[in-house]
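Please find below a colleague's note on the chain under review. The structure is shown first, and the comments follow it.

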Amino acid sequence: HTNLTQQIAQLTNEGPALPDLGIPMYNWLNDDEHGVKQAHATSFPNGCNLGASWDKKLLGDVGLAIGVEARGGYNGFVNEGNRGMPMPDNGVGITLYSPNL
């Protein structure tokens with residue numbers, strides 16, 4: 001279990017390691033509105049433009065592509081020992097979010 005101080009510390013972008021639980025530090029910030037924010041990833045139109053297409057298959061395909069690229073990038077960072085790099089390296093985690101419109 002975690003104590004209140006440990007739980008509060010996990011609410012920041014850079015969650016510290018919890019060694020007693022075997023959990024390494026983690027960088028939660030991934031602003032992936034247009035796709036995975038890395039030089040090697042595909043960039044997609046923003047949510048309003050994609051939504052205006054009214055194309056459910058297109059939205060599913062975009063979501064799948066973002067998920068595959070995010071997992072591949074994350075696995076690469078973990079294999080290189082770069083899990084949870086500090087900012088400004090946005091986009092190195094596997095937790096993705098996009099602003100709600």
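The numbered points below take up the basis of the model, its architecture, and then individual residues.

1. Basis and conventions. This is a predicted model, in which local features need pLDDT of at least 70 and side-chain atom pairs count only at pLDDT 80 or more, while totals for chains, interfaces and linings use all residues. Residues are numbered from 1 along each chain as its sequence is written, and side-chain values use heavy atoms, with hydrogens and water left out.

2. Confidence. The mean pLDDT of the chain is 77, and 69% of its residues reach 70 or more; pLDDT is the predictor's confidence in each residue, from 0 to 100. Confidence is highest in H1, at a mean of 93, and lowest in E2, at 75. Where pLDDT is low, the predicted coordinates should not be read in detail.

3. Architecture. The chain has 3 helices and 2 strands, arranged along the sequence as α-β-β-α-α. These elements are DSSP runs numbered from the N terminus, helices (H or I) having at least four residues and strands (E) at least two.

4. Burial and surface. Of the 101 residues in the chain, 25% are buried (buried means under 20% relative accessible area, exposed over 50%, and partly exposed in between, with a 1.4 Å probe and protein chains only). The accessible surface comes to about 6,700 Å², and carbon and sulfur atoms account for 60% of this area. Accessible areas come from the Shrake-Rupley method with a 1.4 Å probe; for residues, only the protein chains shown count as cover.

5. Contacts. Taking contacts between residues at least 6 apart in sequence, 54% join residues at least 24 apart. Contact here means heavy atoms within 4.5 Å.

6. Gln10. This residue lies in the loop between helix H1 (4–9) and strand E1 (14–15). The side chain of Gln10 reaches the backbone oxygen of Pro16 at 2.8 Å. Gln10 is partly exposed, at 22% relative accessible area.

7. Salt bridge. The structure holds 1 salt bridge, that is, a side-chain nitrogen of Lys or Arg within 4 Å of a carboxyl oxygen of Asp or Glu. Asp61 and Lys57 form it, their closest N and O atoms being 2.8 Å apart. Both residues lie in helix H3 (residues 56–79), 4 residues apart, about one turn of the helix. Asp61 is partly exposed at 38% relative accessible area, whereas Lys57 is exposed at 58%.

8. Trp54. How does the backbone at this position read? Trp54 has a positive phi of about 55° although it is not a glycine. The residue is found in the loop between helix H2 (47–52) and H3, and Trp54 is exposed, with a relative accessible area of 78%.

9. Nonpolar patch. Leu4, Ile8 and Leu11 form a nonpolar patch on the surface, with about 360 Å² of accessible area together. Patches are made of residues with over 30% relative accessible area and no salt bridge; like charges are joined within 9 Å, and nonpolar side chains (Val, Leu, Ile, Met, Phe, Trp, Tyr) within 5 Å. Leu4 belongs to helix H1 and counts as exposed, at 59% relative accessibility.

10. Pro45. The loop between strand E2 (26–27) and H2 contains Pro45, which is partly exposed at 43% relative accessible area. Pro45 and Val62 are 17 residues apart in sequence, with a C-alpha to C-alpha distance of 9.8 Å.

Technical notes: A polar contact is a pair of N or O atoms within 3.5 Å; within protein, one must be able to donate a hydrogen and the other to accept it, and residues adjacent in sequence count only if both atoms are side-chain atoms.
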